[in-house]
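Work through these exercises with the model open. Each task is followed by a stepwise solution.

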Amino acid sequence: MRIGLAQYDIAWENKTANFQKAIDLLKQMEGKTDLAVFPEMFSTGFSMNSHLLAETMDGETMHLLQQWSQQFNMALAGSFICKENEAFFNRAFFITPEGDTYYYDKRHLFRMGNEPESFSPGNKRCILHYKGWNICLAVCYDLRFPVWLRNTGNAYDLLILVANWPSSRNAVWDTLLQARAIENQSYVCGVNRTGTDGAGLHYSGHSAMIDAKGKRQAAFQENEEGFRIADIHLEDLVHFREKFPAWKDADPFTIP
């Protein structure tokens, strides 16, 4: 499967500008990828103004994503600010050209950025099936919590982690992406933003596709905007799991 990692500077709380950036990248990726992955809160930046920026699942953002997925014939993933009933969620999405929509609400809210004051946490994982792959969705701070992301029984083959991860913690980001791939014997796709947000935090990207051995299959230059295509192979992953079945010796436990 071909995956397009889209890394760029997100305009602060400006959906119109960010929709234009997204569609410009999709035009460049058309015909080159099966799935395009945008950063966390791709349409607004990591804003805590959930009451002002949130949309429902039948709002403009989801409508555009569904339209783009069909128009460019590729699945789309990322996250946006979603309102459901009276609660607000940092909601990851996965939309297919066939019209299927999957979502995951960020479980671990970033308390150092006051995210719990503006959002509600999710309470369940999302593992979906697409083009023969089992894919798990996660968002930013989730990366620090290996129990939540534990790949028990090879439940997933690809972990998609979308983020707004500041450059001051690049070493942590780089290390944990590799750790999650190695310990879970899975591909890990981490997509981060660049630029400076409205809170004054700087981001330099470091988006990457990591294979189950911890090797980078795609990566960006520092502060680079644009996209990279990673061509990943399920048969290679299955062969590695069979040759080195460390997953069979994992400690049993149950994730809520």
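**Exercise 1. In which sense do strand 7 and strand 8 pair, and over how many bridges?**

Step 1. This is a predicted model. In it, strand 7 and strand 8 run parallel, paired over 5 bridges.

Step 2. Turn to strand 9, residues 187–191. Strand 8 pairs with strand 9 over 5 bridges, in the parallel sense. Here Leu159 stands opposite Val188.

**Exercise 2. Is strand 8 enclosed or open? Decide from its residues.**

Step 1. Apply the cut-off: buried means under 20% relative accessible area.

Step 2. Sort by face. Leu158, Ile160 and Val162 lie on one side, Leu159 and Leu161 on the other, and both faces are covered.

**Exercise 3. Which residues have the most contacts inside the largest nonpolar core?**

Step 1. The core has 50 residues. Ile3, Phe94, Ile135, Leu158 and Ile160 have the most contacts inside it.

Step 2. Strand 7 (residues 133–139) gives the largest share of this core, 6 residues.

Step 3. Take Phe94. Beyond four places in sequence, its contacts include Leu35, Leu76, Tyr102, Leu128, Ile135, Leu137 and Ile160.

Step 4. Keep the other core apart. A second, separate core has 24 residues, among them Ile23, Leu25, Ala36 and Phe72.

**Exercise 4. Where does Leu149 lie, and which residues is it in contact with beyond four places in sequence?**

Step 1. Locate Leu149: the loop between strand 7 and strand 8.

Step 2. Leu149 has 0% relative accessibility, so it counts as buried.

Step 3. List the partners beyond four places in sequence: Arg125, Ala138, Asp142, Leu143, Tyr156, Leu159, Arg180 and Asn184.

Step 4. Cys136 is 13 residues apart from Leu149 along the chain, and their C-alpha atoms are separated by 8.6 Å.

**Exercise 5. Is Thr61 buried or exposed?**

Step 1. Thr61 belongs to helix 3, residues 60–72.

Step 2. Its relative accessible area is 1%, so Thr61 is buried.

Step 3. Name the surroundings. Beyond four places in sequence, Thr61 is in contact with Phe19, Phe42, Ser43, Glu55 and Phe80.

Notes
Residues numbered from 1 in each chain as written. Predicted model: local features only at pLDDT ≥ 70, side-chain atom pairs only at ≥ 80, totals over all residues. Heavy atoms only, no water. Core = buried A, V, L, I, M, F, W, Y, C linked by side-chain atoms within 4.5 Å. Buried < 20%, exposed > 50% of the residue type's maximum accessible area, 1.4 Å probe, protein only. Helix = DSSP H or I, 4+ residues; strand = E, 2+ residues; numbered from the N terminus. Contact = heavy atoms within 4.5 Å. Pairing = 2+ DSSP bridges.
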